[in-house]
Amino acid sequence: MPIPPIQVVDLHKYFGTLEVLKGIDFQVNHSEVVCVIGPSGSGKSTLLRCINRLEEPTAGKIYIEGEDFTDPDADVDALRTKIGMVFQRFNLFPHLTVLANLTIAQRRVLKRSSEEAQDVAVKMLERVGLTEKVDEFPIRLSGGQQQRVAIARALCMNPDLMLFDEPTSALDPELVGEVLDVMRKLAEEGMTMMVVTHEMGFARQVGDRVTFIDGGVVVEENTPEEILMNPQQERTRKFLEAVQHY
Amino acid sequence: MKRLRGVLLLAVVITLVATACAKGASGDYKLVKADTLTVCTDAPYEPFEYQDANGNWTGFDMDLISKIADGLGLKLEVTIQPFDGIWLQPQAGACDLVVSAMTITPDRSAAALFSDPYFDADQSLLIRKSDEGTLTSLADMAGKTIGVQTGTTGEIYAKDNAPADATLKSFDEPAAMFLALQSGDIDGILQDFPVNLDRANQDPTNFVVTEKFATGEQYGFATSNDRTALIDAINSELKKLRDNGGYDEVFQKYFPGG
Amino acid sequence: MSKRQKSRLIRIAIYIVTVIFLALVGRAIDWPVLREALFNWDIAKEQFPRVITMAARNTLIFTAIGFTGSLVLGLVLALMRLSTIRPYRWFASIYIETFRGLPALLTIFLIGLGVPVATGLRIPGVYTAGSLALAIVYGAYMAETIRAGIEAVPRGQMEAARSLGMTYGTAMRTIIIPQAFRIVIPPMTNEFIALLKDTSLISVLGVTDLTRELTRFGRDGVIHLFNATPLVVAGLVYLAMTVPMTRGVAQLEKRAARAR
């Protein structure tokens with residue numbers, strides 16, 4: 001049995017006295033696309049951020065490709081290079097050009113030469129369809145373009161898996177499609193992906209599994225068709241009704 | 001009603017007369033504050049003007065001017081100013097008289113009115129005790145730094161007589177100079193002999209006066225050019241004190257056997 | 001009377017009062033005397049070129065060294081203030097509160113004269129003591145400005161940098177601090193101008209012919225020429241340095257606001 005890229009065991013997370021994650025068991029297998037859905041405040045973003053240790057788990061274990069990420073002695077920076085992260089608000093570096101955004105971590109963390117880094121950067125920009133923007137500053141790009149650059153930036157590090165924290169929630173509706181197209185392509189190429197999202201259409205078409213989280217626990221987990229057409233739990237049904245209201 | 005008006009009128013007249021009289025008393029001397037001799041000084045400047053532990057003004061200058069003020073029937077009030085340009089303060093209205101171990105010079109006399117001289121002073125060079133063997137005269141200050149106070153005759157003397165490659169460093173106040181000498185920032189202080197001597201006597205382990213320069217300079221009190229009545233009065237008091245031994249009394253207190 | 005008419009009348013009345021007031025003041029001033037005392041042309045000419053080649057030059061030298069020192073010190077203190085290590089945070093807080101709470105003149109006297117006497121340490125160099133004291137004082141102000149700048153950089157920037165595998169140090173150096181500096185350029189220019197003006201306090205440590213700065217130069221002129229014109233000239237030179245800077249900053253801020 002191959003080692004799962006992401007394995008979360010009995011994860012608890014407290015913010016002060018508030019328990020946001022109440023014992024989550026979660027797993028993403030190789031080349032799987034898992035979409036995590038749930039109401040706001042459910043803890044789904046916290047779960048994703050814990051996996052990258054942007055939030056510190058209070059208790060429980062997180063294994064990235066078998067390595068204990070929650071171990072205090074773990075080399076966090078090194079493990080993070082295996083994880084590509086895409087944020088809701090893109091978080092591109094505004095004082096650097098698109099090219100510099102893509103190459104800076106390659107050079108400083110992976111110690112690649114400028115030429116090598118640039119080659120990789122251009123290739124990734126091709127993958128997201130934005131080669132002509134290579135010398136632009138992020139402020140000149142639309143939201144959708146910025147997010148695609150952000151995906152390319154993460155890909156430049158050759159990650160083994162990618163985390164997406166509501167990647168389209170901050171985009172105008174007409175720009176959502178171009179980003180989802182890129183993500184679909186990535187999935188088709190076999191990338192292991194965990195996506196926190198509200199886009200049910202994407203979940204159904206691209207997702208291998210949908211996990212519904214509410215109140216800090218995993219309520220239900222199944223294939224997209226099953227979850228969306230045949231939700232077993234009352235809470236799941238209520239949530240889907242509210243989301244797909246229009 | 002008529003009586004009230006009469007009382008009011010009387011009150012007004014009395015007030016006017018009183019003011020006129022008061023003005024008359026200080027009007028001659030043109031005092032800044034009635035019945036008070038207000039003096040400007042750059043203090044502390046031992047042994048000429050400084051305050052004791054209780055804050056009372058003392059020192060050669062202060063004791064002397066105190067006696068003079070008594071003789072004129074005036075109270076004494078002291079304000080502190082930086083030395084540089086202090087002789088312009090009476091004209092600016094900050095005080096009546098400058099009492100600040102101030103040398104009478106032609107330049108200053110052009111802008112201010114001096115009293116008769118009341119003290120013969122010399123310049124001198126103060127050094128660290130540790131340099132006593134090597135710095136025996138002003139000529140030895142070649143390549144060294146000499147501290148002087150801005151606007152003083154010591155500064156002028158240093159400019160005229162110090163070796164060409166000595167650096168002159170000008171300070172606003174003596175306190176900073178003494179500290180700078182002690183810290184090694186400067187190598188000597190050129191200023192009035194009594195002041196340097198006083199410091200050396202207070203701190204013989206650290207300081208010593210190495211040379212004295214007879215310049216023939218004399219101290220005087222200074223005021224604005226228009227306060228001639230005041231200066232005349234002060235000069236006459238000064239003469240009285242010299243004649244009746246009051247001057248010697250003060251002199252012996254601060255310069256015993258001098 | 002309508003409201004508009006009333007406010008118009010009030011405005012006219014204010015104008016009239018102002019004109020009368022200015023006329024009275026103008027009458028009361030003895031213009032020839034004022035001109036002679038403050039704007040004596042011959043004396044003004046005499047100030048040049050030394051007011052620029054020596055006095056202004058020294059002011060700028062003290063400012064440059066002092067400002068650079070305060071920038072470095074301020075950055076270090078800001079990072080200490082933000083550190084997770086408590087002793088660093090404490091030290092930085094105490095330092096900042098102390099030197100922001102003391103008058104600059106007191107600190108200058110302390111560093112230039114007090115400390116050398118107490119410890120026997122000599123500060124080498126002609127510009128060092130004064131510049132060092134200024135750097136120590138303004139380092140405290142800079143620290144707060146820089147810290148505000150760093151905190152103003154959105155959290156997501158650090159998160160993105162760390163997610164790419166960068167260490168805290170690399171992220172700070174390449175991503176956060178460059179952005180922080182861009183944010184703090186306007187307030188920092190104000191600090192620069194304040195520091196430039198405070199170079200006027202350094203003369204308390206003693207000046208040589210080499211290190212005479214602008215205010216000392218002006219004051220000396222007033223005393224020895226019995227005329228205030230040298231001080232007016234010095235003042236104009238200060239303004240020639242500070243006003244373009246203030247204007248320049250206003251332009252920068254306007255441009256930054258547009259770009260956003």
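1. B:Asp84, B:Asp172, C:Arg212, C:Arg216, C:Arg219 and C:Asp220 are joined in a network of salt bridges, a salt bridge being a side-chain nitrogen of Lys or Arg within 4 Å of a carboxyl oxygen of Asp or Glu. Over all chains, this rule gives a count of 35 salt bridges.

2. On the basis of the note: this is a predicted model, in which local features need pLDDT of at least 70 and side-chain atom pairs count only at pLDDT 80 or more, while totals for chains, interfaces and linings use all residues. Residues are numbered from 1 along each chain as its sequence is written, chains are lettered from A and ligands numbered from 1 in the order in which they are written, and side-chain values use heavy atoms, with hydrogens and water left out.

3. Within chain B, B:Asp122 and B:Lys212 form a salt bridge whose closest N and O atoms are 3.8 Å apart. B:Asp122 belongs to strand β7 (residues 119-128) and B:Lys212 to strand β11 (residues 207-219) of chain B, so the pair ties together parts that lie 90 residues apart in sequence; helices (H or I, at least four residues) and strands (E, at least two) are DSSP runs, numbered from the N terminus. B:Lys212 is partly exposed, with a relative accessible area of 46%, where buried means under 20% relative accessible area, exposed over 50%, and partly exposed in between (1.4 Å probe, protein chains only).

4. B:Lys239 also forms a salt bridge, with B:Asp243, and here the closest N and O atoms are 3.3 Å apart. These two residues, B:Lys239 and B:Asp243, are four residues apart in helix α8 (residues 228-244) of chain B, and therefore about one helical turn separates them. B:Lys239 is exposed at 54% relative accessible area, and B:Asp243 is exposed at 58%.

5. In chain A, A:Arg140 is paired with A:Glu136 in a salt bridge, with 3.9 Å between the closest N and O atoms. A:Arg140 is exposed, having a relative accessible area of 62%, whereas A:Glu136 counts as partly exposed at 25%.

6. Turning to the interface of chain A and chain C, 23 residues of chain A are in contact with 20 residues of chain C, contact meaning heavy atoms within 4.5 Å. The area buried between these chains is about 1,800 Å², and carbon and sulfur atoms give 61% of it; buried area is the accessible area (1.4 Å probe) that two parts lose on being put together, summed over both. On the side of chain A, A:Asp77, A:Phe93 and A:His95 lose the most area to chain C, together 31% of what that side buries.

7. The rule finds two salt bridges across the interface of chain A and chain C, and one of them joins the side chains of C:Glu159 and A:Arg49 (2.6 Å, N to O). The elements giving two or more residues to the side of chain A that touches chain C are α2 (76-80), β6 (83-86), α3 (98-108) and α5 (143-155) of chain A, and the largest share, three residues, comes from α3(A).

8. Finally, the search of the whole structure finds one disulfide over all chains, a disulfide being a pair of cysteine sulfur atoms within 2.5 Å. It joins B:Cys40 to B:Cys95, with 2.0 Å from S to S. B:Cys40 lies in strand β1 (residues 36-41) of chain B and B:Cys95 in the loop between α3 (89-92) and β5 (97-98) of chain B, so that distant parts of the chain, 55 residues apart, are linked. B:Cys40 is buried at 0% relative accessibility, and B:Cys95 is buried with a relative accessible area of 0%.
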